Amino acid sequence: TVSNVKWNAIKINSDHGARRVRVYDCVIRNVWQRGVKGPAVPADRREQLCPRDCRVEYCLFHNDRPKSFADDETDTAETFNGNYVAGIDVMGAEGWVISNNVFAGLQGRTREGRAAVFLWRDSRNCVIEKNLFVDCDVGVALGNPSRGPEPVHATGCVVRDNLVLRCPETGILACYTKDCEIARNSIFYPDSRLRRLIWSQQTTDG
């Protein structure tokens, strides 16, 4: 169990050669930025440094309550308004598998938090499958509307066989993607205020 962490519970830093990391059977609770974080690598060194072939399996990501300003002095009304919170956030992921996890109660201060699983900044060939997302602000996000320098945020990624319950901001998002697949997911929220169960936004070629 990793609990009561202000910023990142587990940080996979490819600048130090991190590859094939497996996060298995962990409880990640009350983490106020990211449960698992993979930071960006320089575009010109992506092939050498990208976090590659990692797995996150059979874990519980759970916050007991929505994030507040008191949890993180960097998340202010002038920055992210108390909504800079997510479960897994990886930039430039290659060949990741995220499966059989539970994500529950990952909520921003105004219920506009980041995705429970958030892959972007030129992520490739990742699989997100057989997970349960319940009462998070966003379930899965392939890509980010705040584009950044990369023209494509996710290529060849698959989101399949997940159960997404009561995620009001978006159930599953595809944004600046190429050749990605969203298949056989069950998404349920009849009272969704925005009615964005699956949202294909900006460019989603293929």
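**Exercise 1.** Determine which strand gives the largest share of the lining of the largest pocket.

*Solution.* The largest share, three residues, comes from S11. Strands here are DSSP runs (E, at least two residues), numbered from the N terminus. A pocket is an open set of points on a 1 Å grid over the protein atoms alone, where a 1.4 Å probe fits, with protein on both sides within 12 Å along at least five of seven lines; lining residues have an atom within 4 Å of a point. In total, 23 residues line the largest pocket, and Gly113, Arg114, Phe118, Asn144 and Pro145 lie nearest its centre. Strand S11 (115-120) is one of the elements that give two or more residues to this lining.

The structure is a predicted model, in which local features need pLDDT of at least 70 and side-chain atom pairs pLDDT 80 or more, while totals for chains, interfaces and linings use all residues. Residues are numbered from 1 along each chain as its sequence is written, and side-chain values use heavy atoms, without hydrogens and water.

**Exercise 2.** State whether Pro149 is buried or exposed.

*Solution.* First, locate Pro149: its place is in the loop between S15 and strand S16 (154-155). Next, apply the cut-offs: buried means under 20% relative accessible area, exposed over 50%, and partly exposed in between (1.4 Å probe, protein chains only). Pro149 therefore counts as exposed, because its relative accessibility is 63%.

Conventions:
Helices (H or I, at least four residues) and strands (E, at least two) are DSSP runs, numbered from the N terminus.
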